[in-house]
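This report is meant for someone meeting the structure for the first time. Please look over the sequence and the model below before reading on.

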Amino acid sequence: MTTTTSHVTPTLAATARGLTRVHGRGDAAVSALRGVDLDLPAGRFTAVMGPSGSGKSTLMHCLAGLDTPTSGSVEVAGRALDGMDDTALTLFRREHVGFVFQAFNLLPMLTAGQNIALPLELAGRRLTGAVRERHDLVVDVLGLRDRLSHRPAELSGGQQQRVAIARALVTEPEIVFADEPTGNLDSAASAEVLGFLRRSVRELGQTVVMVTHELDAAAYADDVVVLADGAVRAHLVEPTADQLVAALRGEQVR
Ligand SMILES: Nc1ncnc2c1ncn2[C@@H]1O[C@H](COP(=O)(O)OP(=O)(O)OP(=O)(O)O)[C@@H](O)[C@H]1O
């Protein structure tokens, strides 16, 4: 594995040690992860790249507590996920993790404002005081103030994804996982959404981990984890475009 060096010891938002995940059994068994060791620093925007089938989604699901590793350990926001049962994992995700999906996943019968407030409601948090301030800040950073009363069908794809990002950020999660968040967007809307994800890291101090196939999207990230065959091939800190392309090709990066 290649790691470009950083001189500051960062706080970690998530770590994986010796992570393996075998899907299926017997002859049909597929090793999606083959011993992943990874430290994801807090307050940074990290892209996860790699060829189709290299294990990106499986890694993200294991880190987010949506899938259970076959072996190895995961720690997110200082908490070990191994050993948590389904109820504990559900509560853990609700309190500490935000998600942004390719398909937006907004509830169509609710307005944008109601979609954004939903995670607060589920957590039994009232929209007053510090919670209200956070909500308003997120709505303003994402430029959604004048769209709150619209339903998803009345919004463009880019606006819908901004609502989904606001919904992911409103509870101030320790880590946000974005799975191909621009996969359904045209290039202008993609650039806008990626810009907002980056602003959420810069201006709101969030930690964002984004799976993407696109070099253009990865260029918005601070760091890039390159997976190959279920293992980390490189973890690049602020790579140049040339370094990233070389790592994706499997060359040693200096
Ligand atoms: N539920 C499953 N059952 C069986 N095999 C699976 C399952 N999920 C993933 N796999 C296999 O595990 C490997 C890794 O899959 P994964 O979806 O994590 O890769 P990926 O890098 O996200 O791929 P893509 O870029 O195509 O989405 C692949 O060989 C895939 O076929």
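How many of the 13 residues of helix 5 are buried? The model is a predicted one, and in it eleven of those 13 residues are buried, so helix 5 is largely enclosed by the rest of the structure. The buried residues are Q159, Q160, Q161, R162, V163, A164, I165, A166, R167, A168 and L169. Their cover includes strand 7 (97-101), helix 3 (112-122), helix 4 (129-141), strand 8 (175-179) and helix 6 (187-202). From its first C-alpha to its last, helix 5 reaches 18 Å, which is close to the 18 Å expected at 1.5 Å a residue.

**The whole protein**

The secondary structure of the protein comes to eight helices and eleven strands. Its radius of gyration is 18 Å, close to the 18 Å that the globule rule gives for 254 residues, so the protein is as compact as a globular protein of that length. Taken along the principal axes, the C-alpha atoms fill a box of roughly 50 × 40 × 40 Å. Buried residues account for 39% of the 254 residues. Of the contacts between residues at least 6 apart in sequence, 69% join residues that are at least 24 apart.

In soluble globular proteins, nonpolar side chains tend to be buried together. Here the largest nonpolar core has 65 residues, and those with the most contacts inside it are V48, I165, A166, L197, M210 and V224. Helix 5 (residues 157-169) gives the most to this core, with six residues. V48, one of the residues with the most contacts in the core, is in contact with K56, L59, M60, V209, M210, V211, V225 and L227 when its neighbours within four places in sequence are left aside.

V176, whose place is in strand 8, counts as buried because it has 24 C-beta neighbours inside 10 Å. Not counting residues up to four places away in sequence, V176 touches G98, V100, A168, L169, Q206, T207 and V208.

**The surroundings of the ligand**

Which residues are found around the ligand? They are H23, G24, V30, A32, G50, S52, G53, S54, G55, K56, S57 and T58. The elements that give two or more residues to this shell are strand 3 (30-41) and helix 1 (56-63), and the largest share, three residues, comes from helix 1. By class, the shell has two nonpolar, nine polar and one charged residues. K56, which is one of the residues around the ligand, is also among the contacts of V48.

**G158 and its partners**

Leaving aside its neighbours within four places in sequence, G158 is in contact with L185, A189, E192 and V193.

| Pair | Apart in sequence | C-alpha to C-alpha |
|---|---|---|
| R79 and G158 | 79 residues | 34 Å |
| G158 and S187 | 29 residues | 10.0 Å |
| V176 and K56 | 120 residues | 15 Å |

R79, named in the table, is found in strand 6 (residues 79-80), and it is partly exposed, with 14 other C-beta atoms within 10 Å.

**Two residues with positive phi**

Finally, there are two loop residues to look at. F104 lies in the loop between strand 7 and helix 3, and its phi is near 65 degrees, a positive value in a residue other than glycine. Is F104 buried or exposed? F104 is buried, with 21 other C-beta atoms within 10 Å. E180 is found in the loop between strand 8 and helix 6, and the phi of E180 is near 45 degrees, again a positive value in a residue other than glycine. With 19 C-beta neighbours inside 10 Å, E180 counts as partly exposed.

Note on methods: Residues numbered from 1 in each chain as written. Predicted model: local features only at pLDDT ≥ 70, side-chain atom pairs only at ≥ 80, totals over all residues. Helix = DSSP H or I, 4+ residues; strand = E, 2+ residues; numbered from the N terminus. Buried ≥ 20, exposed ≤ 12 C-beta atoms within 10 Å, placed from the backbone. Near = placed C-beta within 6 Å. Nonpolar A, V, L, I, M, F, W, Y, C, P; charged D, E, K, R; others polar. Core = buried A, V, L, I, M, F, W, Y, C linked by C-beta atoms within 7 Å. Contact = placed C-beta atoms within 7 Å. Expected span 1.5 Å × (residues − 1). Rg over C-alpha atoms; globule rule 2.2 N^0.38 Å.
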